[in-house]
Amino acid sequence: MSILIGLTGENCSGKGTVAESLKKKGFAVVSLSDVVREELAREGKKVTRDALIQKANALREQFGPGILAQKISIHIDPNRNHVIDSIRNPAEVEELKKQKNFFLFYITAPAELRFERMQARKRESDPHTFEAFLHLEQLEAKGKSTSQNLVATARLADKNIENDGNFSRLYDRLDAVLAELSGDFRLVRPSWDDYFMNIAKVVSSRSNCIKRKVAAVIVKDRRIVSTGYNGTPRGVKNCSDGGCARCNRFEESGKNLSECVCSHGEENAIVQASYHGIPIQGTTLYCTYSSCLLCAKMIINAGIAEVVYNEDYPLPELSHRLFQEAGVKMRKHKV
């Protein structure tokens, strides 16, 4: 179901920035000021800040304080998310609340910061001193029922979002609020275990072994430092091209391992780290299968602290005992 988000807040609080962010998320953007602009254009009048305020107040006087919201509602597609900017009167909120799934956001920022933003945009009609800016704020904060009344409007807000000047924090706050309103905006992030194990599974797709595709990813401080997948050594014919006679005979798992010329995924990840001079002591190794005895010994001697695996290898018992005796943590994480 679509949602409607209304925006209210003082001058230069960041309503336009929030509206633009929502637009990038697929929201259609409309503004109550658009209604007033259309009226001024129809009358052939110049669009200025003062003209917008005077015309909006006149429309409210003539047709009721919720008239702008009534008019903008005509332009709302019930099948699409919308953000409605420039809500400045409590009656406009009450009118919009007649729509399903309407939520009012109050965008706020310190007065000093908002004045700096106003000065930066360099509009001739804007106040040029902080005192004049505060006076304008007071006029718009509390008005009669047919004029702007930001204080009363803000009291009706469903969510308050502070815009302290850091865009990254503003967007994070906006995302968090959206996630509360609708599951469509809930950010689902994989756990670190899921993340690295899924990467290991992708790495395994590079394997050239025709029997089983296995890969390992070595991680330090949540950063990948080395990867490896099983297959014949560098410069040797690929297993899939006949490079390993044992694999191509499809020997039973665990038999005639001394004849297999394929390096294992863990083995290659450790060797590649050594080849490039990357220390791996104290790291975590993610592997698509639990380790064989050969790889278990290499893992222990390499100083790897933890092994996380996705599937059980056919012959894991001795490897498990070695890990336990050597103090290497081991756990299964299925994805």
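Guide: Contact here means heavy atoms within 4.5 Å. Keep in mind that this is a predicted model.

Visitor: Which residues in α1 meet α9?

Guide: Look at helix α1, residues 15-24, against helix α9, residues 167-181. On the α9 side you'll find Phe167, Leu170, Tyr171, Leu174 and Leu178. Their partners in α1 are Thr17, Val18, Ser21 and Leu22.

Visitor: Is α1 parallel, perpendicular or oblique to α9?

Guide: The two helices pack at an angle of about 60°, and their axes are 11 Å apart. Roughly parallel needs an angle under 35 degrees, and roughly perpendicular starts at 65. So α1 comes out, relative to α9, as oblique.

Visitor: What hand does the crossing of α1 and α9 have?

Guide: Picture α1 passing α9. The crossing is right-handed.

Visitor: Is cysteine 12 buried or exposed?

Guide: Cysteine 12 sits in the loop between β1 and α1, and its phi is positive, near 60°, though it isn't a glycine. Its relative accessibility is 15%, and the cut-off is under 20%, so cysteine 12 counts as buried.

Visitor: What about asparagine 101, with its relative accessible area of 27%?

Guide: That one is in the loop between α5 and β4, and asparagine 101 also has a positive phi, near 55°. Since 27% lies between the 20% and 50% limits, asparagine 101 is partly exposed.

Terms used: Residues numbered from 1 in each chain as written. Predicted model: local features only at pLDDT ≥ 70, side-chain atom pairs only at ≥ 80, totals over all residues. Heavy atoms only, no water. Axes fitted to C-alpha atoms, helices over the stretch in contact; angles between N-to-C directions. Helix = DSSP H or I, 4+ residues; strand = E, 2+ residues; numbered from the N terminus. Parallel < 35°, antiparallel > 145°, perpendicular 65-115°, else oblique. Left-handed = near helix turned anticlockwise from the far one by under 90°. Buried < 20%, exposed > 50% of the residue type's maximum accessible area, 1.4 Å probe, protein only.
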